[in-house]
Amino acid sequence: MLKKILIILGIVFVVLLAAAFILPVVFKDDIKAAIDKELAKSVNADVVFDADNFSLTLFRNFPNITVEMRDFGVINREPFAGEVLFATERLEVEVNLKDVLFGDQLRLKGITLVSPLINIKVLEDGRANYDIAIASEEQEETTEESGDFSFGIDHWQVIDADITYDDRSLPFLLSLKSVNHSGSGDFTQDVFDLKTTTTADTVTVKYDGVEYLTNKRAAIDAIISISEEYTKYTFKENSAKVNDFAMSFDGWFKMNENDYGMDISFNSPENTFKSLLSLVPGMYSESFTNIKTDGELQFAGFVKGTYSETQMPAFQVNLNVMEAMFQYPDLPTPVSNINLNMLVDNKDGNIDNTVIDVKKFHMDFGSNPFDARALISKLYPTEVDANVNAKLNLAELSKMFPVEGLEMRGNYAIDLTAKGVYDSLKKTIPSINAIMSLANGYVKTSEFPLPLQDLKFNSSVKNTSGRMAETFIAVNDFSMVMDGEKFSADMLIQNLEDITWDVKANGGIDLEKITKIFPVEGMTLAGKVKADLQTKGKMSDLEAERYEKLPTSGSASLREFKYTSTDLPYVVTLAQADMSFDPRKIDLKQVTGTIGKSDFNLNGSVSNYMGYLFSPNQLLKGSMNFSSTLLDLNEFMAETEETTEATEPYGVIPVPENIDFLMKSSIATVKMMDFNITNAKGDIVVKDGVANLSGLSFNLLGGAFTVNGAYNTKDIQHPKYDFALKIENMALAQAASAFSIVKNYAPVAGLMSGNFSTDFKLSGELLQDMMPNLKTVNGEGLVKVAQAALKESKLVSGITSLTKLDDSNEVTMKDVLMSASIKDGKLSVKPFNVKFGQYTTSVAGSTGIDGSINYSLKMDVPAGKMGAQLSSFVSQYTGGTSDPNAMIPVNIGLGGTFLDPKPQLLMTEQKQQAQQAVTSAVKQEAEKKATELVSGLLGTKSDTTKTDSTKTTDPKQKVVDDGVKTIQNLLKKKKGN
C-alpha cells in the first residue's frame, strides 16, 4: 500500500513539474489575449507589451511563482496623445504558490521595477494623464461587509528610476533622476510600519516659475506608521538629506476626503554651516569637500493646519547662522563674519499675511563689509522696510570668487533705504533713497584682449512720497575708455507713471571691440562712432506720436564701418558718414560707402525719423542726392522660391511702403539682370511701395533711353510697370536679343540690320524673375527706322518665290515711321512702306505672342516683270493684251507663323485691282488715239502728257480739246451699251 502511495505521489510530482515548464509556454498567447481584452475594457490608454517578453515560472524563487514582463509600458491617448505615462525595462512580481491555491489571502512576496520611467502630468484645467480608468457600466453599490480575501506585500524595489511630476494647475514641477528605492510593510494589518530607503542623484523643484532646488542630490530613510485605512501617516524614525543639508521630521499627515490635514515639524539638529553652503548653486562640486568652513547653524520650522483648494496651512521657518566663514583652498582671503537671522512666519494660512523678517545679514568679503536688513510684513500689498549698505573692492572679490576669463577692478559702493508699500493697482512704491557709485573700474574678458578702463559713475534713486510719478533716477558722470576712445553720458529719468527722460552722450565707440565684448550671434560690426547727442521727452508723447515734443539734437560721425550678417549675402561698408540731428530731421552731410559690389555717395536730409523708429505706420521722409560709379541691383533682388542647380534666378526688387523719398540720382553703371546700364541720371520718387521715375535717362545696348513712369510692388507677387519710353538710335537686333517684348512681338527685328528710335508707352505685370508677363503687355506708340535691311529670311524668300520678281530678295527700310500697338497678345502695325528690291511695298498686319503672323503686302509691279503664275492670273482680266510697262497692283497675304510663313495672293482684291488697271489702261489708250486723230485732222500735234498752266487759249487747241471730249463721250456710251 505504501509503495502504491509513493508511486502515485511521484507521478503527481512529475506531472506538476512538467506543467510548471509547459503551461507558461503553451498558453502564453492565450494569457496575453485575455489580458489585452480586459485592459481594453478598463483602461483608456495603450498598454504595450510583447508576449515573447512575458514569462511565468516556479523555479526562480520556488515555491513562489515569479511573473516577469520586459519592455512594458503605458502610452497616453488624447489630450496627452503619444506621451509615455509609464515604462519599465523589467517588471517582476513574486507570489506565494500556497496562497494562490489554498489561501484566502493574496500575498505578494515582492515587486521589482528596473529602469522605470514615470511621467505624471496635470494640465491647467486639472485633467491628469494618470486618470486612465474607464468607469464600469455595471458598478454596484458597495456594502460595509467585506469578503474574507485580503492583500499583502512583503517588499518592493525600484532601481534607477526617472520620475517627473508636472502639475500646471498649481504650477509645480518635481523632477527626480536616477532614483533607487526599497520598502516593506504588512498591508494586511490595520496599523503597520512602512519602512523605506530612497536616494536620487538629482532633484529639481520648481514652483510658479522659480526653481527652489536645482540638480540637488537627495536621500531619505524613514519609518512611517500607516493607520486609519491607509489615510494617516505618522513620522517615526526618519532623516532627509539634500546634498549635505540634513533634516528630520516629526508629526503626521492625513488624507481626508476633500482636503489634507497636517501637523509636521522639522529641524536640523546636527547641521553645520557647511551643510547649508552645499545648497548654494555652484558650490556643491567635486572640490566642495576641500572648502574650509566654520560657524553654527540653527534651522527649524513647522507646517500645521489644512491644505485645500481654498486654504493653506500655517507655517514657519527659522534660520540662524552665527560667526560663520568659508574659504576656497587655493585662495588667501575668506568670506568671514557671516551672521544671518531670518524668520518666515505665516500664522493663519493666508499667503498675503506672510512675514519675512531678515533681522540681520552681515558678511565681510575680505576687508569689504556687506550689511543688509529687510522686513516684509505683508506680501500683498507688499509692506517693505529695508536697507543695504556695502563697500566692495571688485579686485578682491574677483580673487575670492574667481570666474575663468574675467578680470575686474574698481571700488563699488551702495547705500539703499526703502520703506513703504508697493501696490501695483494703486501705483504706489516704497519711499527710496539709494546712492551708488563706481570708481576706477576695469573689466577685461578672455574673449577680447582690450579692456574697458576708467569706468566710473555716480547714480541715485530718490522717492520721498511713495508715488511713482515722483521718482527720480539719475546717472551722472558716466564714462569709460576703450583703446584710447572715451565715452561719457548723463541720464535723468523721472515719473515712472509717464517716463520722462533727458539723456546726453558724447564720445567715441569702437563697434568691433564692443561686439567682441558683447557678441551678437550671426552678426559682426566694425567702425568708429563719434557722437554728441542730447534727447528729451515723455513716454506719453512717444506713444501718442507727438514727435515734435521729443527734442533730439546733436551730431554724429561714423568711420570705417563694416557690417556682415548671416542673413545678408553681401557686406555693407561706410568709409565715412557725417550727420546732424534736430527734432524734425537728420541732415546727412556726406555718406560714402559700399553695399556688396556697389558704391555710393549720399547727402540730403531725412525727416520724421522719430515716428519711423517708434511707430510701424509712420513714413520716413527724405530728399537725397545719390551718386555711384557702380550699382549692382542683382545683389538686392529678393529670392524666388524655385531655384535651379545651374543658376539662381533673379527676384522682384521690393519698393518699401513706409518711406517717402525723392532720390536725385547720377549713376555711371547699373547692373540689372544681364544688362549693363550706363550714364543713368534722373529723379526717383519712392512712396507707398511705388517707384516713380521722372526724366530718368541712361544708355543701354548702344541706345539712349529716357523713361517716365512707375514701378509698383504693392502686391509683391504681381508687380506692375507703366512706362513712357523713348529710345534713340538702338540696334534692332540687340533690342530683339535683350528685350523679351521685342523678341516675342517683333521677332523679325532679330534678323534685321540697322537702328531704330521709338516713343512708346508700355504697361503690364512682371513675373517673379523681373521679366514681363507677355500676356499682360499693353502699349502704343511710334517706331522710326532710319535705315534697315532684311536678307535671307523665309518671309522674303516666300514672297519672292510667289512674285518671281527680280532683285526682291532683300527688304530695305529708310526713314520709315510706323504706328504700332500691343493689346490682347498681339502687336499690330498700321500701313508703312518698305522696298522689296526696287519695288515699294505697303505693309500692315499683326504678330501674335504665340508666333502667329497675319500681314498684307501691297506693291505695284510692271506687267512685264511678273512671274508666269501672276501674269496668267492677271491676263484673265486684261484680255491677254497689256503694256509691259504698265504698273499692276499686287496684293499678297502673309500668314502662318514667323518660323513657317505662308504667303499667298489675295484673289478677291487682286481681281478688282486688275480690272481697274485694265479699264484705266484702255481709257488712257483711247484718249491718246482720239487726240492723235483730231490733231491730224487739224494739222496740229498735241502732247496730252504735258500741261502748261501759263498757256493761252488757242482756237485750234480748243477745237482739239472739244474733239477729244466728244470721242471720250462716244467711247463711254459704247462701253455702256
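Predicted model: local features only at pLDDT ≥ 70, side-chain atom pairs only at ≥ 80, totals over all residues.

Q: With which residue does E407 form a salt bridge?

A: Side chains of opposite charge can pair when their charged atoms come close. Here the partner of E407 is R409, and the closest N and O atoms of the two are 2.9 Å apart. R409 also counts as partly exposed, at 35% relative accessibility.

Q: How many salt bridges does a search of the whole structure find?

A: The search finds 23 of them. One of these joins the side chains of R217 and D201, where the N to O distance is 2.6 Å. Because R217 lies in strand β10 (residues 210–227) and D201 in strand β9 (residues 192–207), this pair ties together parts that are 16 residues apart in sequence. R217 is partly exposed, with a relative accessible area of 39%, and D201 is partly exposed with a relative accessible area of 39% as well.

Q: Which parts of the chain are linked by the pair of D578 and R559?

A: D578 and R559 form a salt bridge whose closest N and O atoms are 3.0 Å apart. The pair links distant parts of the chain, since D578 belongs to strand β28 (residues 572–581) and R559 to strand β27 (residues 552–565), 19 residues apart. R559 is partly exposed, with a relative accessible area of 31%. Salt bridges can also share partners, and in this way E68, R70, R90 and E92 are joined into one network.

Q: Is E396 buried or exposed?

A: E396, which is found in helix α5 (residues 394–400), is buried, yet it has no salt bridge. The nearest side chain of opposite charge is K399, and it is 8.2 Å away, whereas a salt bridge needs the nitrogen and the carboxyl oxygen to be within 4 Å. If residues up to four places away in sequence are not counted, E396 touches T333, F365, G366, S367 and N368.

Q: Which residues form a nonpolar patch on the surface?

A: Among them are L170, Y207, V210, M255, M312 and L425, and the residues of the patch together have about 1,100 Å² of accessible area. To place one member, M312 is found in the loop between β14 (292–307) and β15 (314–327), and at 34% relative accessibility M312 counts as partly exposed.

Technical notes
Residues numbered from 1 in each chain as written. Heavy atoms only, no water. Helix = DSSP H or I, 4+ residues; strand = E, 2+ residues; numbered from the N terminus. Buried < 20%, exposed > 50% of the residue type's maximum accessible area, 1.4 Å probe, protein only. Patch = residues over 30% accessible without salt bridge, like charges linked within 9 Å, V, L, I, M, F, W, Y side chains within 5 Å. Areas by Shrake-Rupley, 256 points an atom, 1.4 Å probe, with all protein chains shown as cover. Lys, Arg positive; Asp, Glu negative; His and termini not counted. Contact = heavy atoms within 4.5 Å.
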